[in-house]
2 protein chains.
Amino acid sequence: MPFGYMGRILRVDLTKKKVWIEKQDEEFYRKYVGGRGLALYYLLKLISDPRIGAYDPGNVLAFATSVVTGAPFPGNSRFTVAAKSPLTGGYGESEAGGFWAPELKRAGFDAIVIEGTSPRPVFLWVHDGQCEIRDAQKLWRKTTGETEDIIRKELGNSKIRAACIGQAGENLVRYASIHNGIKHVNGRTGMGAVMGSKKLKAVAVKGTQKISLYNEDKVREKARWFTQKFKDNPVNSILFETGTSGGLLGLNDLGVLPTRNFQEGVFEGAQKICGQKMKETIGVGKEGCFACPVGCKKKVEIRTGPFSVDHKYGGPEYETIAAFGSNCGIDDLEAVAKANELCNKYGLDTISTGNVIAFAMESYQKGFIDTNDTGGIELTFGNAPGMVRLVEDIAMRRNLGNLLAEGVKRASERIGKGSEEFAVHVKGEEAAMHEPRGKLGVGLGYAVGPKGADHIEMEHDECFASKDSEFLTDVEPLGMSDALDPTDIGLKKVRMFIYLQQLWGIYMILDICIFVAAPGRTFKLGDILELVKAVTGWETSLFELMKASERALSMARIFNVKAGITPRHDSLPARFFTPLKKGNYQGKSVPRKEFQDAVKSYYRMMGWDDEGVPTIEKLAELDIDWIRELL
Amino acid sequence: MPFGYMGRILRVDLTKKKVWIEKQDEEFYRKYVGGRGLALYYLLKLISDPRIGAYDPGNVLAFATSVVTGAPFPGNSRFTVAAKSPLTGGYGESEAGGFWAPELKRAGFDAIVIEGTSPRPVFLWVHDGQCEIRDAQKLWRKTTGETEDIIRKELGNSKIRAACIGQAGENLVRYASIHNGIKHVNGRTGMGAVMGSKKLKAVAVKGTQKISLYNEDKVREKARWFTQKFKDNPVNSILFETGTSGGLLGLNDLGVLPTRNFQEGVFEGAQKICGQKMKETIGVGKEGCFACPVGCKKKVEIRTGPFSVDHKYGGPEYETIAAFGSNCGIDDLEAVAKANELCNKYGLDTISTGNVIAFAMESYQKGFIDTNDTGGIELTFGNAPGMVRLVEDIAMRRNLGNLLAEGVKRASERIGKGSEEFAVHVKGEEAAMHEPRGKLGVGLGYAVGPKGADHIEMEHDECFASKDSEFLTDVEPLGMSDALDPTDIGLKKVRMFIYLQQLWGIYMILDICIFVAAPGRTFKLGDILELVKAVTGWETSLFELMKASERALSMARIFNVKAGITPRHDSLPARFFTPLKKGNYQGKSVPRKEFQDAVKSYYRMMGWDDEGVPTIEKLAELDIDWIRELL
């Protein structure tokens, strides 16, 4: 029995109703590690033509953990879902925490790789080395929470963990999400829609196997150390106290809080929607993930009124608050919490949903649409009830919601010429709630990241703006010590971006939470290396993990190239090339020429050619020359 | 006071008779580390036109230690001497152990950087933060040993360590070496000739300062551990028992022992010249370097006969025995030991000297030269007295020795067309005693290494030929696990070469002995990281050190490009493209097309363009964009 990983991949063909187990050896795990790396291995191997539609039975959906997932240390609860994305047409991927991933490992598998499409709704029941494809007709049209409940009842085990979709996924909303325990969400890039297209309502897991640890004492010692220490750490302390939205006011002060569809960088109602306010008003406690004492997930409850919220749906994260709050010009925290509830209920990515609604509001403001289109909603910025209704309309594909369910890019194409000026997406993925005009490294991440406008390509620019920043100290092992201005986009910033992107990519292949392990957090790089070694016994190094991360990034790039993504797509939406209003960065826009140069430099620094294709030599250096055959 | 390094660079201008001290901060040391990195920083900054002659006053000679040099752990005794090479016209560099480097640090300096040329012989007297340029007229024409003795007497301190040249350096033999304690030698690339051209006879050092250690207990603990452990390690055990020549028979068995100027791979007299035989016959004990229990340096003594040898000159290493023995067709160990004595006395690199003599022997065999040229020597392969006489003739530039003192490349140009077919050098540097037809990774190192045909670009191919090789296990932290055939030269071999070249480059920037620290030895990669941290306090990583090593390699490349080296020079001599005679690789030659492809692949994998020039993006990624201005 290997340490850390189970050595078994569950393979499923929904078309053929076939289930089988594939064994992989240590060499495989050492090279692909898990998460993004493991998923991409199968996506590249199994999707013979990545130009197929995301809803084609040929699309492959992978649920992947890593070689350390489920070992009892904080942040180690996560898994990756990956497939061709219905939003970008390229590599789609999203991670979630909770308790599902450790349960999958206890059920005996490191990953589930699903091909084909079922003619009727089904769910997977994965338990102790086995898998059944079960009928899900009665689960169809159920919310995420109902789905998990019914499955538990049907199978007679209340400890089952189910990753499932709500109505949004069934309805093929292109940014539908996957939920386990209702509020642990694989949100981005529409993985829930891919599940919906395969008529796969849920993946339920339960197991009793033990994950073997190479050095269990060490793992437990590090976990104890973390628990004693994390409150001394400023970042983890904020997460402990107020959750991710604890940083909202800071971003507002910096002038980079996305406001009214990224028109402005400061929101006058920020105080009313911040994490501190949430804690004081509607907060009713907190929850967390497997083995983690931070408990960054805040619960809220609203007992009465139009925006009543049940605490079981969790509370809004920073991204959610910015998306439905400041970016829609809404300062009503209860409405934001309600929108969050609906997203968790129906299975919608809050970032994309909020972004799409903000786009619709600006379309309305600018006369591209009117009340005839909206089903009667006066869709002005700040219209809280209108926003909440639209969330439901999107999930159900009602009225304007049916169009908005297609995402900003496709909606803009339908709404008409001119609207692309304020359709804030990259490659079809709606931008996350981070303002690139005040942090150009994030902008570069939006442009060249494998998934579109994603905010977790790197630690954000402002963290490295000062020489004595703790974030900068933490990346000492990378040989990085230069503080850089957030609006710098020269070669030094490209280097910083690449090193940080690869560093964050380590968390993506290990499926470890950035909140506990990324720079500035409690675990340092050295701790992560120790933990990987303690779990697996591998004599690994930061060099090996950086290379494994780079390997996965280059594999994602190959997937995207094969899917038809070209340098033309590695850019930013028009909005970011126009001046930001209000705040510190008022009047600032992304400098187009310098930015385009940075993208080219990124290619070259990555060992990719001028078309953004990894060279044969780079593939060989990353020890994945088998991919040459795909090109 | 910083940990590990002194923070002070001694600057000397011999033309202006000026001495000054330059301070460097932690950022500098973190980026350039020491050795090759530190030396190249100054060479690139100070040599405005690397196309100048190596003997031009504008050439810069750097003596560099590292941030860990002198800390009391095994293998930590070394220093780098670098300058433009009189052999290659490009970057010249050679390391030596002994006791000089720790003494330089105790004298208060991490490095000495010497510009200009003195009109009269001088030596430097460096002691406790000071430096004097002293007259060396009385030292001129003295041997290396005499020089050190006289300096000690003159300055009244028997503990002074002097790095000095013998008559060969004074006579500008292009492969003259630098010696401390007679037998610790900066041998390769003619650094002794550069000293000679500057009329710098010696650099004498003595100090009483203490090197501050961040964690002295840890350093001492690791040193004790090494001392208890190293005899259990096969490689270190051989070095302990018989020294480097303990491996000669193994190479002969493999069929890669350079024989008769690289015509053959097996030497019939190998048993007579191997390390085991040396120990049994002329061996009289051993010596070692600062803080090192291995004692790989074997002493020999021959009391009577034509080849009498004084034990103070040490004994021949593997390279020396192969160069003067098998490669000259000589099976007389006493003659080889005598040649070694003469090289250490007069200051000659034994590898180049033996290679040059073998070339002369083949020239004689093939009728390019006769006894009129040789001063009467019947210069057949196997002529031991002739070989020994030639060594002395080369040092003194007598007869044929005057031509051979120019090195194989230039001698061949004079000897006439056709002789280049067996002039075994790369870029003007004579090949070391390793046969690339049986190890193509070494061949690639000869071709693309910064210094010419150098054998320490990587661990040799045969060490990675089997999956269960301990060498392969030791590079686990690099993510390398594939065994490769020694004659493989595909992309996988290029990757292996690059990773190992950068790994060995770590030893070059740390000035740590490969015999204690490279894969297969007692210290593992993890130990080296621990030691660097224990000495400096840096939270470093294998990633950071690999990047620092790559940085130095790319700096060397820039130096070479500026000096006029082009892809045309990154090849092998004609001999290696013709079939090897005898042994396992009989009939094998380096496959020209595949080899040229490998060189191109090497460029691209290094982030260099097709002309072998590091791209602007690569320089930026290595955080040395200031070098752009030099291009």
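Which side chain of chain A does B:E27 meet in a salt bridge?

Analyst: The model is a predicted one, and every value below is computed from it. The partner of B:E27 is A:K467; the two side chains form a salt bridge, with 3.9 Å from N to O.

Between chain A and chain B the count of salt bridges is 10, and a search of the whole structure, over all chains, gives 128.

As for the extent of the interface, 33 residues of chain A are in contact with 33 residues of chain B. The size of an interface is often expressed as the accessible area lost when the parts come together. Here the area buried between chain A and chain B is about 2900 Å², and carbon and sulfur atoms give 54% of it. Polar contacts across the interface number 15 residue pairs, with both residues at pLDDT 80 or more.

Several helices supply the side of chain A that touches chain B. Those giving two or more residues are helix 1 (26–32), helix 21 (491–510), helix 24 (542–562), helix 25 (592–605) and helix 26 (616–621) of chain A. Helix 24 of chain A provides the largest share, with six residues. By residue class, this side of chain A comprises 17 charged, 11 nonpolar and five polar residues.

Elsewhere in chain A, six strands make up an open sheet of mixed pairing, in the order 8-7-12-9-10-11. Strand 8 (130–135) and strand 11 (184–186) of chain A are at the edges with a single partner strand each, so one side of each has no neighbour in the sheet. From one strand to the next the twist averages 20°. Within the sheet, strand 7 (residues 122–127) and strand 12 (residues 200–206) of chain A run parallel and are joined over six bridges; A:V122 has A:L200 as its bridge partner in strand 12 of chain A.

How values were computed. Residues numbered from 1 in each chain as written. Chains lettered and ligands numbered in written order. Predicted model: local features only at pLDDT ≥ 70, side-chain atom pairs only at ≥ 80, totals over all residues. Heavy atoms only, no water. Contact = heavy atoms within 4.5 Å. Buried area = accessible area lost by both parts, 1.4 Å probe. Salt bridge = Lys/Arg side-chain N within 4 Å of Asp/Glu carboxyl O. Polar contact = N/O pair within 3.5 Å; in protein donor to acceptor, adjacent residues only side chain to side chain. Helix = DSSP H or I, 4+ residues; strand = E, 2+ residues; numbered from the N terminus. Nonpolar A, V, L, I, M, F, W, Y, C, P; charged D, E, K, R; others polar. Pairing = 2+ DSSP bridges. Axes fitted to C-alpha atoms, helices over the stretch in contact; angles between N-to-C directions.
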